[in-house]
Amino acid sequence: MWNEPSDGVPLQADPSAAAPQPAVVATVEPGSIGEELGFQPGDRLVAVNGIRPRDLIDLRMLCGEEDLALEVEDPDGTSHHIELEKDADDGLGLGFTEALFDGLKQCNNHCPFCFIDQQPPGRRSSLYLKDDDYRLSFLYGSYLTLTNLLPADWQRIERQRLSPLFVSVHATDPALRSRLLVNERAGQILDQIAWFQAKRLQIHAQVVVCPGLNDGEALVQTLQDLARFGGGDWPAVLSVAVVPVGLTRFRPDGDGLVPVTPAMARRTIAVVEPLQQQFSERFGSRWAWLSDEWYLMAGLPLPQRASYEDLPQQENGVGSIRAFLEQLDDATQELPAALPKFRSLSWVVGSLVGPSLKPVVERLHQVQGLDLRLQSLPSPYWGCEQVVTGLLTGQDLIDGLQGKDLGDAVLLPAVLLRQGQPVFLDDLSLETVEQRLGVPLQVVGGAAEVVAACLHETP
């Protein structure tokens, strides 16, 4: 592993220069080296071998050495110097409160379809952060535009082999992409992808389709341009997701955007599916995929699971619903004939997804003693009649469920809540919504948890 000053900031650097903040410990894995050394949540890891890590990437690389010298501070500010030897593959077993120790690289574009700008004011500050940070793209698969990268960033991507990254392309025509992102630098996208190809680095791409702007012939051009980088033994573009623009009632006036209609969804499917056939012949893969929303909005059946191959863009909504339906099928293959005690439940999902789930609900209804009510809700909060489950807010639940007979409990998909915290997108707490509805809310994760919650009463 590398251990160079370029993998962080020297501890004795110019004090007038901005230095990364210490990495604050959040968790300590039982039985780990970190536990043996006495680390506790709240401790601050300042430097490794004299280098301040800028982020988790630096930290992982610095901790890849066998001999480590750690500079650590207790929550009260007491400093400690710890030296240890370990195997190169052994980690410290520490989790941290943040992935970035030197601040977030924010977006310098002004896309009219940006979801961040389509939110009401006054919510928690994290909802308004415009992440366009290549490090979070590498670590977590978030999408970035490449417009804010400095020469040092490109050098670091190459040196540390930060690949694959996830890139929002939207259009390859320079003038059109610059117009969409409201940024002259956006027109460099094909040159930038060529750089990835030359360095043998890779990306996953996405195209957010805005009707009348980058659909139709522009979409075809974009996919064909990207396909120039999709072949060979080391393709620079590994996959492309084509997703529909999402618009809310809070978006700025005069943005020139129009929502996707069922007819437009069908046209887009008709454009992309023939290209998938071409890509299959060229690459042995469909390579470019439509997100599930296109088919749901068009009123068409979802493609079969095999057509999504290894689900390279599942986190972007490509095959996620199909995969969930497959998991539900597996989880309901062996159902009891009856429950020992009658159970009446409601299951909340987004209105766009509801119709696809009805066959599974009907299968569960065959279990005697189970009354499962599918609550397929729109989102008045966002101003959307058709919405995916993950965008439902606490107020949407209150508006859509209050006054209804919801049974003994409401099954609430975990995707509605802020990760790790019982808070909805609109800042309403789980407790508040539960009190307003007057019925317990039972958070469920995957398909197996949904089925288990239907069949087994929780303690």
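Here is a friendly walk through some features of this predicted model, in numbered points.

1. Start with the parallel sheet. Five strands make an open sheet in the order β8-β9-β10-β11-β12, and the pairing is parallel. The edge strands are β8 and β12 (288–290), each of which pairs on one side only. If pairing is a new idea, remember that strands of a sheet pair through backbone hydrogen bonds, either parallel or antiparallel.

2. Now follow the sheet strand by strand. Strand β8 (residues 143–144) pairs with β9 over 2 bridges, in the parallel sense. You can find this pairing on the screen through Tyr143, whose bridge partner in β9 is Phe166. From β9 to strand β10 (residues 203–209) there are 4 parallel bridges, and here Ser168 has Gln206 in β10 as its bridge partner. Strand β10 is then joined to strand β11 (residues 237–244) by 7 bridges, again with the strands running parallel.

3. Which residues of β9 sit on each side of the strand? Leu165 and Val167 are on one side, with Phe166 and Ser168 on the other. The four named residues are all buried, and both faces of β9 (residues 165–168) are covered.

4. Ser163 and Pro164 are joined by a cis peptide bond, with omega at about 0°. Pro164 has its place in the loop between α4 and β9. This bond deserves a second look because most peptide bonds are trans.

5. Two residues have a phi to check. Val182 has a positive phi near 55°, although Val182 is not a glycine, and it is found in the loop between α5 (174–181) and α6 (189–198). Trp287 also has a positive phi, near 65°, in a residue other than glycine, and Trp287 lies in the loop between α8 (262–283) and β12. These values stand out because most residues other than glycine have a negative phi.

6. Are these two residues buried or exposed? Val182 has a relative accessible area of 44%, so it is partly exposed. Trp287 has a relative accessible area of 2%, so it is buried.

7. Elsewhere in the chain there is antiparallel pairing. Strand β3 (residues 44–48) runs antiparallel to strand β5 (residues 67–73), joined by 4 bridges, and Ala47 stands opposite Glu71 in β5. Strand β5 also pairs with strand β6 (residues 79–85), in the antiparallel sense over 7 bridges. Here the bridge partner of Val72 is His80 in β6. The hairpin of β5 and β6 has 5 residues between the strands, and in it Gly77 takes a positive phi near 100°.

8. The elements giving two or more residues to its lining are α2 (56–62) and β7 (94–96). What kinds of residue make up the lining? They divide into 9 nonpolar, 4 polar and 3 charged.

9. Gln119 is placed in the loop between β7 and α3 (134–140). The relative accessibility of Gln119 is 11%, which is under 20%, so Gln119 counts as buried. Its side chain reaches the backbone oxygen of Ile116 at 3.5 Å.

10. The other is Asp426, in the loop between β15 (409–413) and α13 (430–437). With 4% relative accessibility, Asp426 counts as buried. A polar atom of the Asp426 side chain lies 2.8 Å from the backbone nitrogen of Gln395. For a sense of scale, the C-alpha atoms of Asp426 and Glu293 are separated by 23 Å, and the two residues are 133 residues apart along the chain.

Conventions
Residues numbered from 1 in each chain as written. Predicted model: local features only at pLDDT ≥ 70, side-chain atom pairs only at ≥ 80, totals over all residues. Heavy atoms only, no water. Buried < 20%, exposed > 50% of the residue type's maximum accessible area, 1.4 Å probe, protein only. Polar contact = N/O pair within 3.5 Å; in protein donor to acceptor, adjacent residues only side chain to side chain. Nonpolar A, V, L, I, M, F, W, Y, C, P; charged D, E, K, R; others polar. Pairing = 2+ DSSP bridges.
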